[in-house]
Amino acid sequence: MEFLLFTFVGVVHLLSLSSGKPIYKNDISRRTFQEIREEIASYGDVAKAIIDLAVYGKAQNRSYERLALLVDTVGPRPSGSRSLEKAIQIMYQNLREDGLENVHLEPVKIPHWERGEESAVMLEPRIHRMAILGLGSSIGTPPEGITAEVLVVTSFEELQRRAPEARGKIVVYNQPYVNYSTTVQYRVQGAVEAAKVGALASLIRSVASFSIYSPHTGIQEYQDGVPKIPTACITVEDAEMMSRMASRGNRIVIQLKMGAKNYPDADSFNTVAEIIGSKYPEQVVLVSGHLDSWDVGQGAMDDGGGAFISWEALSLIKDLGLTGQPGVSQQRGNHVCGRGPCLVLGGLMRAPCTASPASNPATWGPGPWEVRCASVLTGLRPKRTLRLVLWTAEEQGGVGAFQYYLLHQEPACSTTSTGTSPSITPMETP
C-alpha cells in the first residue's frame with residue numbers, strides 16, 4: 001500500500017499545473033489563479049481513472065510485485081558489479097515489453113569499489129568485537145590491520161582543538177544526530193579531516209536517529225593533497241560506549257582490518273524510457289530513481305522503491321493511453337473506417353465511422369480532415385514528454401545523473417523551462 005500511495009501522489013502530480021502553453025526562460029505565465037484552478041478541476045476524471053487503475057484495477061500492487069521480483073532475482077547491486085549490470089539489462093527488457101517508447105541505454109563510466117573482509121576489535125580496556133561497515137571508496141588497511149589508540153571527538157571543531165592528540169591514532173566520531181543533511185558531513189568528510197591532523201584511520205558513528213546495533217554505509221570522499229586513510233561506520237551504541245569510556249579516562253585501543261579495494265572505472269548505463277508528448281515533445285518532464293544499491297542489502301527502498309514508482313507512473317499513463325498506432329486518413333468527406341467511433345480534429349464523433357458524423361459538417365471547414373479511429377486511439381497522452389531515467393551509480397555520488405546532465409544539457413540561450421508538470425487531456429490528438 002505504501003508503494004501505491006507514492007504512486008498516486010507522483011502520477012496525479014503529473015496532471016496538474018500547465019495550461020499547455022510553453023513557458024520560456026525570462027517569461028512568466030499570465031494565467032490567473034482562477035484559470036489554473038479550473039484547469040486542475042477539469043482533470044478530475046483523469047485523476048480518478050488513474051487512481052482506480054492503481055487501487056482497484058489490473059495495476060493493483062503491480063509496482064510492488066515488479067520490485068520484489070527484481071530484488072529477489074538480482075539481490076544487491078553495487079556500482080561496478082555484475083549484478084548491477086544484470087539488473088540494468090532486465091529493466092531494459094521490462095520497459096520494452098511494457099510498451100514504453102524510445103527505450104534505450106545511455107553509456108556511463110562508473111566507480112568500482114569492493115568492500116572485502118573487514119573487522120574491528122577493541123583490545124583495551126576490554127575485548128569487544130565491533131560491528132562495522134566500510135565506507136564507499138575507502139582504501140583498505142595493510143593485511144595485518146591498524147592497531148592504535150583511539151581519540152573520541154563529537155565534532156570537527158573538537159577535532160581541531162585536540163589536533164595534537166590525534167596524530168598516530170584512530171579518530172572516532174561520536175557526533176550527535178541533528179538531521180541527515182547536517183550529520184552526513186561526518187561520514188563524507190570524516191576521513192579527510194582526521195587525516196589532516198595525522199590520524200591513521202577514522203570510525204564514524206552511523207548517521208541515524210535510531211539504532212539496533214546496526215552500522216550504516218554510504219559514500220565518503222577523499223581530497224587531493226590529503227593522505228587517504230581507511231574509514232568505516234560503527235554503531236551508535238559502540239560510539240556512545242567509547243565516548244563514555246573516554247570520559248572516564250580509559251585508554252581505548254582498536255585493531256582495524258579492512259580489505260577494501262578500488263578498481264578502474266567500469267562500463268554501465270542509465271536506462272531511459274519515454275511517453276512522447278503530443279504537443280510539446282521537446283519539453284521533457286523527468287521522473288527517476290536509481291537502480292544501484294550498496295552491497296549489504298537488496299536496495300528495495302534505496303532506491304528500488306523510487307525506481308519502480310517512477311516506472312509505474314509511466315505505466316499507468318500508458319495503460320490508460322495509446323494502446324497502438326492510431327489509424328489516420330486524410331479525406332474531404334465522410335470518413336468510413338468501420339471501426340467507430342472516430343476522433344476528428346480533436347473532437348469525438350458521437351456516431352460510428354460508417355455513418356455521417358453527428359457533428360455539423362459545416363463546422364469542419366474545407367478539409368482535408370485528420371480522422372483517427374477511437375478503437376485504436378484511446379485514453380491519455382501527455383502534452384509534454386514524460387521521460388523515465390533509472391540512474392546508475394547514484395550511491396557513488398550521483399555519477400549517472402551527472403553524466404546524464406553533461407550529455408543532455410542545452411546552451412542557456414535555448415533552454416526551455418516550464419516549472420510545471422505536463423497537462424494531460426482525455427482523447428487529445430498529438
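**Close-up views of a predicted model**

View 1. With a relative accessibility of 18%, S137 counts as buried, because the limit for a buried residue is under 20%. The model shown in this and the following views is a predicted one. S137 is placed in the loop that runs between β4 (132-134) and β5 (146-153). The phi angle of S137 is near 80 degrees, which is a positive value in a residue other than glycine.

**View 2. N61, a partly exposed residue with a positive phi.** This view turns to the loop between α3 (44-55) and α4 (62-74), where N61 lies. N61 is a residue other than glycine, and its phi is positive, near 65 degrees. At 35% relative accessibility, N61 is counted as partly exposed.

**View 3. The cis peptide bond between E124 and P125.** The bond that joins E124 and P125 is cis, with an omega of about 5 degrees. P125 is found in the loop between β2 (118-124) and β3 (128-130).

**View 4. The cis peptide bond from D302 to D303.** In this second view of a peptide bond, the one leading from D302 to D303 is cis, and its omega is near 5 degrees. D303 has its place in helix α10, which covers residues 300-319.

View 5. The largest nonpolar core has 36 residues, and within it L95, L100 and L291 touch the most other members. Two or more residues of this core come from each of α3, α4, α5 (82-97), β1 (101-114), β10 (261-275), β11 (280-290), α10 and β16 (384-391). The element that gives the most to this core is α10, with 6 residues. If its neighbours within four places in sequence are left aside, L95 is in contact with L100, V103, T271, A273, W311, L388 and L390. Apart from this core there is a second, separate one of 22 residues, whose members include V150, V152, M242 and M245.

**View 6. The packing of helices α4 and α5.** Two packed helices are described by the angle between their axes and by the distance between those axes. For α4 and α5 the angle is about 145 degrees, and the axes are 10 Å apart. The crossing of these helices is right-handed. On the side of α4 the contact is made by L70, T73 and V74, while α5 takes part through S83, K86, A87 and I90. The residues in this contact of α4 with α5 divide into 4 nonpolar, 2 polar and 1 charged.

**View 7. The aromatic pair of F156 and Y173.** The structure holds 7 aromatic pairs, and this view shows the pair formed by F156 and Y173. The ring centres of F156 and Y173 are 5.7 Å apart and the ring planes lie at 80 degrees, so the pair is edge-to-face, since planes over 60 degrees apart are classed in this way. Distant parts of the chain are linked by the pair, with F156 in helix α6 (residues 156-161) and Y173 in strand β6 (residues 170-173), 17 residues apart. F156 counts as buried at 16% relative accessibility, and Y173 is also buried, with a relative accessible area of 0%. Ring pairs join F156, Y173 and Y186 into a cluster.

**View 8. T385, a buried residue of strand β16.** T385 has its place in strand β16, and with a relative accessibility of 2% T385 counts as buried.

**View 9. V296, a partly exposed residue between β11 and α10.** The loop between β11 and α10 holds V296, which at 49% relative accessibility counts as partly exposed. When residues up to four places away in sequence are not counted, V296 touches R115, L133 and T217. V296 and T217 are 79 residues apart along the chain, and their C-alpha atoms are separated by 8.5 Å.

Notes: Residues are numbered from 1 along each chain as its sequence is written. This is a predicted model: local features need pLDDT of at least 70, side-chain atom pairs count only at pLDDT 80 or more; totals for chains, interfaces and linings use all residues. Side-chain values use heavy atoms; hydrogens and water are left out. Helices (H or I, at least four residues) and strands (E, at least two) are DSSP runs, numbered from the N terminus. Buried means under 20% relative accessible area, exposed over 50%, partly exposed in between (1.4 Å probe, protein chains only). A nonpolar core is a set of buried Ala, Val, Leu, Ile, Met, Phe, Trp, Tyr and Cys residues joined through side-chain atoms within 4.5 Å. Contact means heavy atoms within 4.5 Å. Axes are lines fitted to C-alpha atoms, for helices over the stretch in contact, and angles run from 0 to 180 degrees between N-to-C directions. A crossing is left-handed if the near helix is turned anticlockwise from the far one by less than a right angle, and right-handed if clockwise. Ala, Val, Leu, Ile, Met, Phe, Trp, Tyr, Cys and Pro count as nonpolar, Asp, Glu, Lys and Arg as charged, and the others, Gly among them, as polar. Rings of Phe, Tyr and Trp (its six-membered ring) pair if their centres lie within 6.5 Å; planes under 30 degrees apart count as stacked, over 60 as edge-to-face and the rest as tilted.
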